[in-house]
Amino acid sequence: MGFFTEYLADPSTRATLIDQSLEHVTLTAVPVLSATVIGLLLGILAHRVPTVRQPILSVVSTFLTIPSLALFALLIPIVGIGATPAIVALTMYALLPIVRNTVSGLASVDRAVVESAKGMGMTATTRLLRIELPNAWPVMLAGVRVATLLTIGIAAIAALVGGPGLGQEIFSGIRRIPAAGSLEALLGGTLFIVALALLFDLLYLAIGRLTIPRGIRD
Amino acid sequence: MTDRANADTAVSPAAAEGTGSSVMIDLIELTKRFPGTQDPAVDRLTLQIPRGEIVVFVGPSGCGKTTSLKMINRIIEPTSGSIVIDGEDVTTIDPNRLRRRIGYVIQQIGLFPHVTIEENVATVPKLLGWDRDRIHARVDELLDVVGLDPEIYRQRYPKELSGGQRQRVGVARALAADPPVLLMDEPFGAIDPITRTRLQNEFLRLQAELQKTIAFVTHDIDEAIKMGDRIAILREHSHIAQFATPEEILTQPANEFVEDFVGTGATLKRLKLSRVREVDYTTDALTGRIDEPREVLRRRLHESEWTAILLLDADGRPQRWLRGPDFLHDRPVTQLGLPARAFVEGHATLSDALEEMLLGSAGVAIVVDNRGSYLGILDIDDIITSIQTMRDADAEFHRAAKLVDPLDEVAE
Amino acid sequence: MTPPSRTPETLDEARSRADTEDAAARRRARRAALVHYLGMPVVLAGVLLALYLYVGGQELDSIEARTLTADNLIGQTRQHIVLTVYSTFFVLLLAIPMGIVATRPATRRFAPAIIGLGNAGQAIPSLGMLALLFYVFRTTPGLPSTGTVPVVVSLVGYSFLPILRNTMVGLDQVDRFVLEAGRGMGMSNGLVLRRLELPLAVPVILAGVRTALVLNVGTATLAFLFGGGGLGQTIFSGFQLRRTPVLLTGAVLVAVLALLVDYLAGLIEEKLSPKGL
């Protein structure tokens with residue numbers, strides 16, 4: 001592994017990797033946050049209105065079927081080159097796990113719990129905010145976590161069509177295969193992405209600890 | 001019982017208007033037709049629930065009893081008909097406002113798993129905007145009432161409680177804002193038989209104090225007989241097969257359906273209706289203080305016509321049974337004979353007492369007050385006498401029923 | 001208690017009403033089935049038509065005209081399909097038997113570790129994984145360094161863990177009570193596998209086929225980076241040459257192909273799944 005430590009020891013490489021990591025974090029966090037807001041609303045809608053449930057789930061799962069390079073490319077004529085098409089596309093991808101888990105999280109709340117809340121005279125909104133969402137939260141959070149993992153990986157492909165992030169380092173390596181230095185770039189970009197994924201996972205672990213009520217923690 | 005029973009038979013809906021009436025819940029032509037079904041689940045149910053009474057809806061599964069109950073707080077909206085509570089027509093008022101005045105206990109309990117016991121109990125008071133101190137005090141009071149130490153349980157979560165404890169919390173939560181009306185849908189249905197009996201007894205004791213108006217659903221006729229001041233036996237579409245006191249249902253079933261539903265063993269069931277305090281149990285049994293000298297105790301037993309002496313502690317709580325031969329052993333009095341067991345309180349049913357008696361070693365049940373102090377002794381003969389009395393009363397009843405209009409209330 | 005009064009209805013009226021209701025229900029069901037089976041193909045055909053009209057309406061410059069030839073596009077589509085089919089075939093050939101072996105009672109204790117590895121594998125970006133696998137091919141003497149083989153092997157390498165993981169999770173979910181009942185009736189392990197688990201696992205395997213197809217049709221878009229061709233090439237050319245018609249043609253064809261593959265795999269899954277499940 002000597003060659004790899006040499007690669008990492010180079011200050012300019014390190015600076016590039018750090019810059020690209022930060023870009024990659026943004027490229028992940030912005031779509032995940034947007035998708036969480038949109039997905040939450042869609043999920044609640046799908047839970048409350050059974051007739052739109054299947055259409056909503058079908059549409060968001062269709063998004064995920066479209067290969068990422070194609071979706072990035074489709075968005076370029078509309079929103080231009082750079083980070084924007086990637087952010088829009090990644091938001092679309094992140095929707096499915098979030099919407100699906102919101103729907104199944106809300107559906108998994110014990111009917112007796114909801115009925116007793118109703119029986120005590122809670123309005124529909126109070127019930128949603130105080131009873132249903134807190135109880136669905138562990139499942140919803142798991143959906144956000146899956147969405148994040150998905151986004152981190154796909155975000156690398158944005159580099160092929162001019163997007164930011166660690167995909168650029170991988171792409172620069174691919175263009176040089178099998179020349180010297182290409183393996184380092186491939187490994188560097190890939191391992192940094194894996195490391196980011198692990199950091200995000202730790203973050204979700206912490207968020208879970210802080211936000212999941214003690215009564216429904218495992 | 002007689003005056004309350006008479007009160008509702010002839011009361012028309014119009015006469016029930018206004019508070020202070022003896023009718024608390026008035027269901028008028030209540031009908032529920034679920035979309036996509038031909039027959040109504042509940043068909044023009046008309047029923048009046050007197051203030052302060054437990055009315056049990058009982059019937060085979062699918063008869064519409066739960067639907068009927070859930071229309072009272074409009075968890076299920078009636079298709080037609082009206083609901084009048086305490087003189088106010090609540091059929092079209094804001095359902096949430098209605099529900100905050102009605103306690104609701106369901107079989108699955110439905111405690112909120114994500115909040116503490118305290119927050120569960122505080123739900124309705126919070127919705128009603130009580131201040132924090134008042135809520136806090138109320139929660140402690142209620143946990144105490146249902147027999148859970150607030151210090152221990154206030155901050156626990158539902159998953160940390162047993163089924164019986166959860167149902168106690170469910171009852172406390174339903175009582176939180178002191179609603180005049182409680183709806184209970186098979187509240188003890190999912191609990192093991194031993195805990196169920198205990199909860200039923202505790203609940204009856206509580207009700208004797210609180211005097212809530214309660215609609216109670218069960219599929220178990222024994223529970224209905226035990227819990228109900230009045231029982232509505234329902235058949236399909238919630239048609240009332242009979243609406244009467246438990247005594248009347250057991251002694252004078254209105255039709256074959258009721259007879260079949262009540263089933264065999266009506267006499268044994270009636271033991272659930274008679275309370276120990278209503279029976280002429282022995283109050284002059286031979287007793288002694290456990291700290292008296294053994295020679296004194298021995299002589300007292302020897303000189304009496306009793307075969308055993310019951311020793312009480314300083315507070316009058318029964319401790320041990322001693323028979324003559326027990327005095328031959330050279331041990332302190334506190335280790336002689338058998339420990340006293342099989343305690344029943346005055347409100348216990350004869351059925352409970354019989355069970356205690358059969359389980360206990362002495363073949364008798366010791367009647368105690370609510371602090372556990374000795375009141376008297378109940379033996380198997382007392383129960384047999386009481387059954388005999390019931391039989392005689394039945395015969396009397398049937399003779400009387402033939403003479404007067406059978407629809408009149410003649411109970412007791 | 002009197003029975004509920006209903007509006008009197010003659011038998012004929014009742015019958016004709018029932019007929020109308022039936023007919024209406026049948027019409028609704030037919031319409032739903034029509035949307036279900038024809039919705040996606042119609043939409044995809046519409047998208048292709050729109051693309052054709054759009055590109056046909058453009059004044060194509062020489063570069064665009066040279067890229068967007070029928071030969072070119074058909075060839076790339078064929079390559080794309082070949083890569084998808086080969087990689088799906090081989091990954092299923094490896095992952096499904098392994099999944100079955102890894103969920104046997106004797107090996108079950110390794111299952112959580114393998115599933116955990118599969119979960120962790122999700123964190124590896126497809127681009128990096130494909131590139132690293134391809135690098136190994138290019139730099140290991142004796143292995144083919146160009147053409148379809150290294151690309152298919154890379155695709156298989158990338159999709160192996162997720163498919164294995166899905167298979168294992170699916171098999172694990174086969175109702176344990178059913179299996180216990182089978183053993184309780186005295187069936188041997190082998191018999192339980194053949195009579196109960198495999199039939200119950202058919203949906204799991206079919207779902208695996210669909211997942212693998214969709215996954216591979218997507219990753220095959222990156223094959224051009226490693227000399228494997230496919231429609232990704234047109235997208236990338238369009239981007240590099242700043243030619244929107246080329247970019248869009250590639251992107252639309254890839255998207256339509258992926259959705260079509262998913263649709264067909266879905267139909268197969270639906271038709272072949274045992275009815276009782």
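Predicted model: local features only at pLDDT ≥ 70, side-chain atom pairs only at ≥ 80, totals over all residues.
Student: Why is the pair of A:Phe4 and A:Tyr7 called stacked?

Tutor: Their ring centres lie 5.5 Å apart, and pairing asks for centres within 6.5 Å.

Student: How do you know whether A:Phe4 and A:Tyr7 are buried or exposed?

Tutor: Buried means under 20% relative accessible area. A:Phe4 has 10% and A:Tyr7 has 11%, so both count as buried.

Student: Nice. What makes the pair of B:Phe188 and B:Phe216 tilted?

Tutor: Here the centres are 6.2 Å apart, with the planes at 50°. Stacked needs under 30 degrees and edge-to-face over 60, so this pair falls into the remaining class, tilted. B:Phe188 lies in the loop between strand E7 (181-185) and helix H9 (193-210) of chain B, while B:Phe216 belongs to strand E8 (residues 213-218), so the pair ties together parts 28 residues apart in sequence.

Student: And what about the interface of chain C and chain A: how many salt bridges does the rule find there?

Tutor: It finds 0 salt bridges, and also 0 residue pairs in polar contact with both at pLDDT 80 or more. On the side of chain C that touches chain A, 25 residues are nonpolar, 8 polar and 3 charged. Carbon and sulfur atoms give 87% of the buried area of about 2800 Å².

Definitions and conventions
Residues numbered from 1 in each chain as written. Chains lettered and ligands numbered in written order. Heavy atoms only, no water. Buried area = accessible area lost by both parts, 1.4 Å probe. Salt bridge = Lys/Arg side-chain N within 4 Å of Asp/Glu carboxyl O. Polar contact = N/O pair within 3.5 Å; in protein donor to acceptor, adjacent residues only side chain to side chain. Nonpolar A, V, L, I, M, F, W, Y, C, P; charged D, E, K, R; others polar. Phe/Tyr/Trp six-rings, centres within 6.5 Å; stacked < 30°, edge-to-face > 60°. Buried < 20%, exposed > 50% of the residue type's maximum accessible area, 1.4 Å probe, protein only. Helix = DSSP H or I, 4+ residues; strand = E, 2+ residues; numbered from the N terminus.
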